[in-house]
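User: I'd like to learn how to read a few features of a model like this one. Can you walk me through them, general idea first and then the case at hand?

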Amino acid sequence: MPLPAPFVERLQQIVPEDRYDAVIATFEEPPATGFRVNTMLRDEADTLSVLHDEGVPAEPVPGVEGAYWVPAEGRAALLASRPYADGHIYVQNVSSQLAPIALAARPGERVLDLCAAPGSKTGQLSAMVGPEGEVTAVEKARPRFYKLKANVYAQGATNVLPWLGNGAVYWRREPESFDRVLVDAPCSTEGRFRAHDPETTAYWSPRKIKEMRSKQTKLLWAGVQALKPGGTLVYSTCTFSPEENEGVIDKALRTFGDAVEVVDAGLPRSGPAAEQSVPGLTSWRGKTYPEALAQTRRVLPSALLEGFYIARLAKRASTVNVQE
């Protein structure tokens, strides 16, 4: 099953020419399985020792602390392992793990995870802020909310406060109250396309991109309003589309002016994540974005990494009087 022709045409304009063939090839290849050790339930060294004893071929991901992977043929053994059954590991693509790493939450901080289900990044953030910190996890869809609750509790994340409701309005409950905010926005999921799985591309269209951009813009605006002055926000998606990535950040910069600034994305400086990341675009189909958008990062897919986009914003001043 070929990838949608309009998607391939757009991808040729997004991905650097010298990387395009390698990126296209990833849509055909069976991916590796990434995971992280759940240190809230068991020591990392102990967990890895059990995996080793069970013959699971786990390897660390250079440059990404706490991330591990097994080749495609090792996935079944990983999912059959005792650490997986006991919740001592959490299967999560390495690209997904980069967003909390970029947010760099510290022990004791209050963090808002604005689009939290299924809870992968929520659990990661919970471990980062520790028992003295707090993660408020927001999810709008009721079935996904219950999955989020089950996942975070299974991970032992007792410092997580799940909240069922619309992330675009949560800031009204606690305006400018959080040290850090993660907006891992719903998107057109282009980074997860598989050429031989038509379900992954079934709902994609240029119209879908436009629909997602509207939701993303509202969520990012709300995330900024929930963030304390002096705080940090990470915006991320698992899609290539500039309209959903650089375009959304550009809109935020125009809305909030000097109160919000794009800063270094905070990704690893070495290893596969560094090798696969390229600067954000500063122009797209006749539209020019600020040069600061080059500090955002698009993670190109590989056998290990899904396609991903990450932008980090610093809040310099209060925004409570800024209209949406």
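Analyst: Helices and strands here are DSSP runs, numbered from the N terminus. Keep in mind that the model is predicted. With that labelling, His88 sits in the loop between helix H5 (82-85) and strand E4 (89-91).

User: Is His88 buried or exposed?

Analyst: Buried means under 20% relative accessible area. His88 has 12%, so it counts as buried.

User: And which residues is His88 in contact with, leaving aside its neighbours within four places in sequence?

Analyst: Those are Val37, Asn38, Leu41, Arg42, Thr47 and Pro83.

User: On to the rings. How many aromatic pairs does a search of the whole structure find?

Analyst: It finds 10. For geometry, planes under 30 degrees apart count as stacked, over 60 as edge-to-face and the rest as tilted. Take Phe7 and Phe240: their ring planes are at 50°, so this pair is tilted, with the centres 6.2 Å apart.

User: Where in the chain do Phe7 and Phe240 lie?

Analyst: In distant parts, 233 residues apart. Phe7 belongs to helix H1 (residues 5-14), while Phe240 is in the loop between strand E9 (227-237) and helix H10 (246-256). Phe7 is buried at 1% relative accessibility, and Phe240 is buried with a relative accessible area of 1%.

How values were computed:
Residues numbered from 1 in each chain as written. Predicted model: local features only at pLDDT ≥ 70, side-chain atom pairs only at ≥ 80, totals over all residues. Heavy atoms only, no water. Phe/Tyr/Trp six-rings, centres within 6.5 Å; stacked < 30°, edge-to-face > 60°. Helix = DSSP H or I, 4+ residues; strand = E, 2+ residues; numbered from the N terminus. Buried < 20%, exposed > 50% of the residue type's maximum accessible area, 1.4 Å probe, protein only. Contact = heavy atoms within 4.5 Å.
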